[in-house]
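I opened my notebook to look at how chains meet in a protein model.

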Protein chains: 4
Amino acid sequence: VAKTIIGVMGPGNSASAFDLKNAYDMGRLIAEKGYVTLTGGRACGVMEAALKGAKDAGGQTLGILPSSDKSDASEYADIVVVTAMMSARNNINVLTSDVVVACGIEAGTLSEIALALKAGKVVVLISQDEIGNAFLEKLGKGKLYLAREPRAAMELVERHLQ
Amino acid sequence: VAKTIIGVMGPGNSASAFDLKNAYDMGRLIAEKGYVTLTGGRACGVMEAALKGAKDAGGQTLGILPSSDKSDASEYADIVVVTAMMSARNNINVLTSDVVVACGIEAGTLSEIALALKAGKVVVLISQDEIGNAFLEKLGKGKLYLAREPRAAMELVERHLQ
Amino acid sequence: VAKTIIGVMGPGNSASAFDLKNAYDMGRLIAEKGYVTLTGGRACGVMEAALKGAKDAGGQTLGILPSSDKSDASEYADIVVVTAMMSARNNINVLTSDVVVACGIEAGTLSEIALALKAGKVVVLISQDEIGNAFLEKLGKGKLYLAREPRAAMELVERHLQ
Amino acid sequence: VAKTIIGVMGPGNSASAFDLKNAYDMGRLIAEKGYVTLTGGRACGVMEAALKGAKDAGGQTLGILPSSDKSDASEYADIVVVTAMMSARNNINVLTSDVVVACGIEAGTLSEIALALKAGKVVVLISQDEIGNAFLEKLGKGKLYLAREPRAAMELVERHLQ
C-alpha cells in the first residue's frame, strides 16, 4: 500500500538560514510521523536539508532529480528517481506529494507552489516574505496555508491528509 | 532558420475581459511583427484569444497542448503540438518562447511565469493585481517587466529580443 | 485549423546513406502535399535530411528538440520547440504526428516506433533490416507498414490520413 | 545513500502466464538481494506481478505511474510516483533503474527497452520471441542480454551492477 509522502520544496543554493532550519525540522517531523519525505533530490539547499532531517530522525527519503543521472543526488536520498526533464520534473514533485510544504520562495519553488495549486493539492508555506504570503494566500483560494514555523506547518499537513 | 516565437500565457476559463482583450491584442501585435504566437493551445481563455488575434492579423500560431490528442485544440492554432504531460508542458511553453508575455494570473499562469524566470527568460506581465505585480517584479530580479497594456508590452518584448 | 503533420524519425549521426536519402525524399514528398514535416529537430542525420528536403520543396518544418535551448537545432527547422526532456520528447514527436515515418532504426528511432504503436498511431517503416521488419510488423498488429522507398511510403501515409 | 534499483518492465493486461511468472520471480530475487524493485506501478500485468513478488519476499517497491493520481496504482507499490505524462514516463522508468529487466514484449515494453539502450543502460530480456530476441540483441550492441529464466537474468543483473 502506498506510503504517505510529504514534499518539502524550497530554494537550492540561494536558501536562507531560516529556510534551511525549517526544511531540516520539517524532515524530522515528517519522519517522526512515519511519512516519506520527498524533495527535488539535489545535494544543496532546502532539498538536502529536509532529506538530512528525515534521515536523522530515522525516516525514509525520496529525491526526484531534474538531472539525467544520479551524480548530483543528495547522499540523504534513499530512493533517487532520475527524470532528465529539468524543471518539468517540478510537476512530478507536487503530484507525488500528498501535501506540499514550501520553505522559502525563489522561482523554482514558486513554480512548484503554483503547479501544486493547479493540481488541487494543499500547500503549506513557511516564508517571511509578507507580500508573497498575501499574494499566494489569495491565489490559493483556500488551498494554501501560511505557517510561522515547522511545528505549525506539520499540524496543517496532518489536518489535510484525508 | 528558427522563427522568433513569443509566448502568450494567461488564465483559461477564468480569464477576465481585461485579460482576453490584452491577449487578443498581443496576438495581433506579435503577428504584425512577423513573429509566431505560442500559447497553451486550448480552445478557451487567453490561449484562444491570443491565437485568434494572431490569425486575424495574418500571423502564424503554435499551440502546445497538455492533452493526449488534438481534440481540445483551438481552431486558431496552425501547428498543434501534443505533449500528453498535463501541466509539465508549461515548461515547454516557456522554453520555446523567446520572450514570455502573461495576460493575467492564475495558478497555471503563475507556474509559467516562475518556470520562465527559472530558465532565465524575460517575462512581460500585464496584470492589475498590484500585490502580485510587486511580488513578482521583486522575485524576477530584473527579468520581469510590468506593462499597463499590450502596446507597451510589445515594446518591452522587442527590446529583449537579442 | 491544425495543419496535417507527418513525422519523420530515424538515426542521428549513425544514419546510413540509404536512410539519409529516404529522409530527404520524404521531406520533399510531404512538402509537396502541403503537410508539415516534423522531426526531432537536431542538426544531424535523418532529422536534418528530412527538414532540408521539406525546405527545398518549399514546405513548412517543425523540430521538437530534446535539448534545453535552440543551439543545436537544424537550420532547416522553421518552428523549434524546446522540451528539455531528452528522450522523453520522443513521445511528443509521435503524438504530434498524424502519421509516423521511420527511415532506418537505431535505439532512439525504435523507441519512437514503439511509442507510436503504443499510442495507436500508424507507422510506415523504410528499412533494409529484414529481421527488424518482420519483428516490428508482427508487433504492430496491423498498424505498422513496410515500404521499400519514399514514394510507396507516401502513398501509405496518404491512405492513413483520415 | 541511493539504494540499488532494478526495473522490471513488461506487458500490462496482455502479459502471458510465462511473463507473469517471470516477473513475480524477478521481484522475489531482486528483493532477496536487498534491491528496490521498480515497475510502471499499475495494478496489472508484469508491473503488479513483479511488485507482488518483491513484497512477498520482504522487499521494497517503487511504482512510477503514467497517470495523474494514485488511483490506479498497484497495492504492492510502497512508493508511488505520479508523473501525469503517460508513456513519456517510460524514460523515467529506465533512467531510474540501475539495470532493466524485460519480461515479455509489447509496444510499451519495447519503448522501454529502446529508451534504456539509448541511455546506455544494460537490459536483460526474458522472451520466447526468437525473432525479437535476435533483432534486439543485435540492436543492443553488447548492452542487451538474453536470459531463459529469472535466475539467469538475476546473475546478469548482478554482473552489471558496478
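**Entry 1: the contact.** First reminder to myself: this is a predicted model. I started by asking how many residues of chain B are in contact with chain A. I got 22 residues of chain B, in contact with 22 residues of chain A.

**Entry 2: the area.** The size of an interface is often given as the accessible area lost when the parts come together. So I looked that up next. Chain B and chain A bury about 1900 Å² between them, and 78% of that is on carbon and sulfur atoms. Which residues of chain B lose the most area to chain A? They are B:Leu110, B:Lys118 and B:Phe135, and together they make up 28% of what the chain B side buries.

Entry 3: I checked for salt bridges across the interface of chain B and chain A, and the rule finds two. I wrote down one of them: B:Glu106 with A:Lys118, where the closest N and O atoms are 3.6 Å apart.

**Entry 4: who does the touching.** On the side of chain B that touches chain A, the elements giving two or more residues are α3 (89–96), α4 (107–118) and α5 (130–139) of chain B. Which of them gives the most? It's α4(B), with eight residues. Sorted by class, that side of chain B has 13 nonpolar, six polar and three charged residues.

**Entry 5: aromatic pairs.** How many aromatic pairs does the structure hold over all chains? I found two. In one of them, A:Phe135 and B:Phe135 are 5.6 Å apart, centre to centre, with 40 degrees between the planes, so the pair counts as tilted. This pair crosses between chains, from helix α5 of chain A to helix α5 of chain B.

Entry 6: Why does C:Phe135 count as buried? Because its relative accessible area is 3%, and buried means under 20%. D:Phe135 is buried as well, with a relative accessible area of 3%.

Definitions and conventions. Residues are numbered from 1 along each chain as its sequence is written. Chains are lettered from A and ligands numbered from 1 in the order in which they are written. This is a predicted model: local features need pLDDT of at least 70, side-chain atom pairs count only at pLDDT 80 or more; totals for chains, interfaces and linings use all residues. Side-chain values use heavy atoms; hydrogens and water are left out. Contact means heavy atoms within 4.5 Å. Buried area is the accessible area (1.4 Å probe) that two parts lose on being put together, summed over both. A salt bridge is a side-chain nitrogen of Lys or Arg within 4 Å of a carboxyl oxygen of Asp or Glu. Helices (H or I, at least four residues) and strands (E, at least two) are DSSP runs, numbered from the N terminus. Ala, Val, Leu, Ile, Met, Phe, Trp, Tyr, Cys and Pro count as nonpolar, Asp, Glu, Lys and Arg as charged, and the others, Gly among them, as polar. Rings of Phe, Tyr and Trp (its six-membered ring) pair if their centres lie within 6.5 Å; planes under 30 degrees apart count as stacked, over 60 as edge-to-face and the rest as tilted. Buried means under 20% relative accessible area, exposed over 50%, partly exposed in between (1.4 Å probe, protein chains only).
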